[in-house]
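Work through the exercises below with the coordinates open. Each task is followed by a stepwise solution.

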Amino acid sequence: MMRSLRFCVALIALWGAAACSDGSSRGVLPPTTHPLPGIATLRGTVDVAAGTLTFDPISPSVGRLSPSLGVNAAIYGNQGTTVRIYNSVVVKSAPVLGKKTYSANVGLRNLLSYAIGDEQASLLPPDTLGIFVFVNSGPTVGATSSACSPACTVTVKNAHGQLAFNAPLQSYWYWPDRLDAVNGLRDTTLVRKTWVFEADTQVTAFTFDVLVSAPWVAPIETRWKVDYEGDSLPDTQSEPRWRLRKSGNGTHSATGGVLTVNPGPSGAEISFYRRDSLAGTTSAYMEGLIRYTGVTGRTSTARLVIDDSTRFVAFGINGSQVGFIDANNAFLGTPFVMNTIAAYHTYQLRKYAADSAVFLVDGTRRGGITYGTFSTTQYLGTAPLLQFGIAGPDNSVALWDYVVYEIGTPSP
């Protein structure tokens with residue numbers, strides 16, 4: 001049932017006939033309760049004269065997808081069996097500086113016997129998991145009317161972001177939807193997403209592969225993992241977007257695979273959060289590869305937060321200590337003394353339902369307290385949420401290489 005989609009676009013008619021041929025840190029972890037069958041392929045064809053984009057299954061290959069670390073989601077396809085991708089007519093732009101764009105509005109229907117996408121059972125909160133269709137390979141020029149100098153190219157023009165599904169930096173389109181089982185009340189995406197490709201005017205055919213990646217709703221799956229890489233701005237350059245919480249004149253930027261967050265002076269804050277479906281009885285963890293910069297002893301606090309609408313379960317990092325914190329960044333219990341400035345360290349906050357929490361530094365447990373020790377929810381009306389960021393009075397900076405959280409389990 002977990003199969004890939006082969007999506008091959010043949011630009012024909014007005015551009016000349018063309019044929020499609022078969023081709024062969026952390027990524028996507030398929031549910032362990034299901035086997036990984038051979039890859040089935042799907043061909044999409046654009047007919048410019050008719051203004052259509054059609055999807056048709058073709059014979060399966062013998063390839064198999066290999067599990068890897070990352071977002072818990074099935075990668076599958078098989079048009080007309082597990083999923084159906086549909087679309088509007090294709091629109092071709094006028095040439096601009098030797099380029100044209102080709103666009104279509106695309107939707108998706110679930111054909112499985114159980115729900116997929118957002119793992120929660122209601123429409124709120126909205127910032128959760130969903131359905132991704134990502135470019136597995138290409139796009140690749142298939143044919144041209146004449147030579148280009150340099151070589152003719154085709155690119156994805158409007159991807160919602162890039163993630164490592166089964167390879168680094170794969171472009172994707174995202175639907176924040178939960179789709180019912182086939183023939184359910186809502187087994188189809190609410191809106192279509194526009195797919196846009198840009199190619200040299202000489203290009204008459206191009207191909208690319210897409211795969212569907214979607215979490216499976218409980219009880220098919222019981223844990224869901226989300227991975228943010230620091231190579232993009234979490235609030236503007238990725239989907240589903242993290243929401244920005246900011247006070248003061250702080251700044252944040254993403255360069256070289258690292259998110260740099262500077263809250264500025266005067267107790268300002270810059271943090272990013274996503275609302276997700278967890279409760280006091282839900283286990284979860286957050287992990288980040290983080291470097292705190294500044295002077296030892298500074299009191300600004302970088303933090304990982306799991307606010308489950310009952311308790312504010314949080315872990316903080318300053319220039320010389322790490323440990324559990326309350327909503328005012330004061331340490332709860334005895335913090336662990338260490339140099340947080342000299343190098344990156346992996347910090348992990350584990351929440352064991354409504355029993356307790358522990359934190360680890362570079363894989364070693366350094367502290368633990370009971371759940372009831374934490375202050376009550378800080379974000380009443382907004383929680384449940386998961387958050388990372390930094391706040392404080394002394395202009396210290398936090399560098400974030402990545403942040404991962406997983407719901408349904410207290411540890412990886």
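The model used here is predicted.

**Exercise 1. The disulfide**

Search the whole structure for disulfides, then assign handedness and burial to what you find.

Solution. 
- Step 1. The search returns one disulfide. C148 is joined to C152, with an S to S distance of 1.7 Å.
- Step 2. The torsion about the S-S bond of C148 and C152 is about 80°, so this disulfide is right-handed.
- Step 3. Buried means under 20% relative accessible area. C148 has 17% relative accessibility, so C148 counts as buried. C152 has 16%, so C152 is buried too.

**Exercise 2. Aromatic pairs**

Classify the ring pair W242 and Y405, then the pair F312 and Y379. Which parts of the chain does each pair link?

Solution. 
- Step 1. The count comes to 17 aromatic pairs.
- Step 2. The ring centres of W242 and Y405 are 6.0 Å apart and the planes are at 85°. Planes over 60 degrees apart count as edge-to-face, so W242 and Y405 form an edge-to-face pair.
- Step 3. W242 lies in the loop between β18 (224-229) and β19 (243-247), and Y405 lies in strand β32, so the pair ties together parts 163 residues apart in sequence. Both W242 and Y405 are buried.
- Step 4. F312 and Y379 are 6.2 Å apart centre to centre, with 55° between the planes, and the pair is tilted.
- Step 5. F312 is in strand β25 (residues 312-317), and Y379 is in the loop between β30 (364-370) and β31 (385-394). They are 67 residues apart.
- Step 6. F312 is buried at 0% relative accessible area. Y379 is buried at 10%.

**Exercise 3. Around W242**

Name the cluster of linked rings that includes W242, and the charged end that sits over its ring.

Solution. 
- Step 1. Ring pairs link Y228, W242, F272, F388, W400 and Y405 into a cluster.
- Step 2. The charged end of R274 sits over the ring of W242, 5.9 Å from the ring centre.

Conventions
Residues numbered from 1 in each chain as written. Predicted model: local features only at pLDDT ≥ 70, side-chain atom pairs only at ≥ 80, totals over all residues. Heavy atoms only, no water. Disulfide = S-S within 2.5 Å. Buried < 20%, exposed > 50% of the residue type's maximum accessible area, 1.4 Å probe, protein only. Phe/Tyr/Trp six-rings, centres within 6.5 Å; stacked < 30°, edge-to-face > 60°. Helix = DSSP H or I, 4+ residues; strand = E, 2+ residues; numbered from the N terminus. Lys NZ or Arg CZ within 6 Å of the ring centre and 35° of its normal.
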